[in-house]
Amino acid sequence: MKFQKLLAAAISLTAVTATTAATADEVNVYSYRQPFLVEPLFKRFEAETGTKVNVLFANKGLVERLKAEARNSPADLIFTVDIGRLNDVKEAGVTQPVSSDVLTKIIPPQYRDPAGNWFALTTRARVIYAAKGRVEGWKTLTYEDLADPKYKDRVCTRSGKHAYTIALVASMISHHGRKDAKTWLTGVKNNLARRPQGNDRAQVKAIKDGLCDVALGNNYYFGKMMSDPKQRPWAEAVHVAFPNQQNRGAHVNISGMAMAKHAPNPSAAKKLMEWLVGAEAQSIYAEQNYEYPIREGVKWTPLLADLGTFKSDALPISTIAELRKDAVKLVDEVGFDG
């Protein structure tokens, strides 16, 4: 019952999928991923394997909680989005390496930690949303184009300090070096139509409202907007451009998982990790949020298929993690949000 008692004492945490008793055949998950994304997966896993999955959902504070719980933590697995958060749990020392032939065979090396501390489950592309009828040559847009003077007062984006932006800036540092990446970021800032604000969907709305012509955003927001009657007109006002298709490919980020350092059920946790990269689970996972399966050969959702195939940047996600601190400094140096 240790797991339930800890849940009852949770600080600033949200809903929990409870269990009636603690057994050896169970997995305890701490998740930043929303319930609607992972609950269908866990229910299917339970039905197929008989292994119970207990889930603690949170918006923040999981790293601090894991550190405070230390060896008394009931957590087996950690689920989160963005390489930033995955790297944070690794750097905090609350994960452990996992050795699995299944995971290394299915997950491409650029989408897993070299030491086995985290593994991707899905990918998402950082696309450019372009106003229909107002952006010529939108199919061949590049991230570098966002700094071109011809886009003066035509670019919208969210905060430069957001994890999604930081990851893109880190990739630019890797590809171009710090000096040229700073020049690029300064150029993007000079082209902003307004001060960085809002989320990715807010940028598409701004295009629909005529405030700007191009904006950065994750690909899955297009699907979310298309499925929302209120927001569908926003999505219908833009083209979805996968940048840099003529060279390195579009920047991608991941959602992923890691095994907790003091996992009380490591065997069951590893079984769940390996099940999640299976074809069935990958199909379910991707469908829930318009993300791309990490496993090759899994059918994309119709909406993703309609957007077409694209070339992804092969830059290892671990490299982006290593350059995040430099990216944060660069954002501050150019005063991107100011």
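**View 1. Aspartate 82, a buried residue in a helix.** Aspartate 82 has a relative accessible area of 2%, so it counts as buried (under 20% relative accessible area; exposed is over 50% and partly exposed lies in between, with a 1.4 Å probe and protein chains only). You will find aspartate 82 in helix α4, residues 82-91. Helices (H or I, at least four residues) and strands (E, at least two) are DSSP runs, numbered from the N terminus. Take a look at the backbone here too: phi of aspartate 82 is near 75°, a positive value in a residue other than glycine.

**A note on the model.** This is a predicted model, in which local features need pLDDT of at least 70 and side-chain atom pairs count only at pLDDT 80 or more, while totals for chains, interfaces and linings use all residues. Residues are numbered from 1 along each chain as its sequence is written, and side-chain values use heavy atoms, with hydrogens and water left out.

**View 2. Asparagine 244, a loop residue with positive phi.** Asparagine 244 sits in the loop between β9 (238-241) and β10 (252-260). Its phi is near 60°, a positive value in a residue other than glycine.

**View 3. Valine 27 and its neighbours.** Valine 27 belongs to strand β2, residues 26-31. With 0% relative accessibility, valine 27 counts as buried. Leaving out residues up to four places away in sequence, valine 27 is in contact with Thr51, Lys52, Val53, Asn54, Asp76, Leu77, Ala268, Ala269 and Leu272 (contact means heavy atoms within 4.5 Å). Valine 27 and leucine 272 are 245 residues apart along the chain, and 7.9 Å separates their C-alpha atoms.

View 4. The protein averages a pLDDT of 92, and 93% of the residues score at least 70; pLDDT is the predictor's confidence in each residue, from 0 to 100. Over residues 1-23, however, the pLDDT is below 50, and this stretch has 46 contacts in the model beyond near neighbours in sequence.

**View 5. The whole protein, for orientation.** The protein holds 14 helices and eleven strands. Its C-alpha trace spans about 60 × 40 × 35 Å along the principal axes. Buried residues make up 55% of the 338 residues. Among contacts between residues at least 6 apart in sequence, 79% join residues at least 24 apart.
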